[in-house]
Amino acid sequence: MKPQQILIADDDAKLLALLTSSLKKAGYETTEALDGEAALEQVKQEKPDLILADITMPKIDGYELCKLIRENPDTADIPFIFLTAKGELNDRVKGLNLGADDYISKPFHISEVTARIKSILQRSSMVTDVPEPEVETDLKGNLQQMSLAEILQTLGMAKKSGGLKIVKQSQVGKIYFDSGDVVQASL
């Protein structure tokens, strides 16, 4: 099985080296970026399994990086963790409101960072490991014509299996069904 890929974006070269070394020892592959612009380019080139980013970086800061990742439907589902010295409540709330999956304040212990990464990647893989239906049938349409409750009820009554992806501006929600029952949901 291919190791999971983590993109580390931080302008502190020493911290990048520490995180890279520790995460490789934990069995992950890593790529590094010294600024938000380089991180965004790397995400476009090869979609990582998780992004670990500082907030205060040159060119594009971590907040803007997270916002751009979440606005793009191709990258919106990549788990995103802030790892930063900005530990005030309003900074954490802002980061989480932008769509970050976690927020870790510096100083940190590497075992905590590794444990949080492992936990988020396990949850993320539960969503992506839902088996594809044998026969692909797409249900596409405009939710202005039906409420979400009506769609869920229809899928339940028809005992459908598969996934439902709902996109509203920069938010992406996914609901997975097995024989009409909801088995996993994420936003």
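Is Arg 70 buried or exposed? Arg 70 is buried, because its relative accessible area is 9%, and buried means under 20%, exposed over 50% and partly exposed in between, using a 1.4 Å probe on protein chains only. Before the close-ups, some ground rules. This is a predicted model in which local features need pLDDT of at least 70 and side-chain atom pairs count only at pLDDT 80 or more, while totals for chains, interfaces and linings use all residues. Residues are numbered from 1 along each chain as its sequence is written, and side-chain values use heavy atoms, with hydrogens and water left out.

**Figure 1. The whole chain at a glance.** The chain has 6 helices and 8 strands, where helices (H or I, at least four residues) and strands (E, at least two) are DSSP runs numbered from the N terminus. Read from the N terminus, the order is β-α-β-α-β-α-β-α-β-α-α-β-β-β. Of the 187 residues, 37% are buried. Take the contacts (heavy atoms within 4.5 Å) between residues at least 6 apart in sequence: 51% of them join residues at least 24 apart.

**Figure 2. How confident is the predictor?** The average pLDDT, the predictor's confidence in each residue from 0 to 100, is 81 for the chain. A score of at least 70 goes to 88% of the residues.

**Figure 3. Arg 70 and its surroundings.** Look for Arg 70 in helix 3, which covers residues 62–71. Its side chain makes a polar contact of 3.0 Å with the side chain of Asp 101. A polar contact is a pair of N or O atoms within 3.5 Å; within protein, one must be able to donate a hydrogen and the other to accept it, and residues adjacent in sequence count only if both atoms are side-chain atoms. Setting aside neighbours within four places in sequence, Arg 70 also touches a list of residues including Thr 75, Phe 80, Leu 98 and Ser 170.

**Figure 4. Helix 1 from end to end.** Helix 1 takes in residues 13–25. At the start of the helix, a side-chain oxygen of Asp 12 comes within 3.0 Å of the backbone nitrogen of Lys 14. Buried residues in helix 1 are Leu 15, Leu 16, Leu 19, Thr 20, Ser 22 and Leu 23. After the helix comes Gly 27, with a positive phi near 100 degrees.

Figure 5. In soluble globular proteins, nonpolar side chains tend to be buried together. A nonpolar core here is a set of buried Ala, Val, Leu, Ile, Met, Phe, Trp, Tyr and Cys residues joined through side-chain atoms within 4.5 Å. The largest one has 20 residues, and Ala 9, Ile 51, Leu 65, Ile 69, Phe 80 and Phe 82 have the most contacts inside it. Two or more residues each come from strand 1 (5–9), helix 2 (36–45), strand 3 (50–53), helix 3 and strand 4 (80–84). Helix 3 gives the most, with 4 residues. Another core, of 16 residues, lies apart from it, with Ile 6, Ile 81, Leu 83 and Ile 104 among them.

Figure 6. Rings of Phe, Tyr and Trp (its six-membered ring) pair if their centres lie within 6.5 Å; planes under 30 degrees apart count as stacked, over 60 as edge-to-face and the rest as tilted. That rule gives 3 aromatic pairs. One of them is Tyr 63 with Phe 82, edge-to-face at 5.7 Å centre to centre and 70 degrees between the planes. Tyr 63 sits in helix 3 and Phe 82 in strand 4, 19 residues apart. Phe 80 and Phe 82 are edge-to-face too, with centres 5.0 Å apart and planes at 70 degrees. Ring pairs join Tyr 63, Phe 80, Phe 82 and Tyr 103 into a cluster.

**Figure 7. Val 113, tucked into helix 5.** Val 113 lies in helix 5 (residues 110–128) and is buried, with a relative accessible area of 0%. Its contacts beyond four places in sequence are Leu 52, Leu 83, Ile 104 and Phe 108.

Note on methods
Expected span 1.5 Å × (residues − 1).
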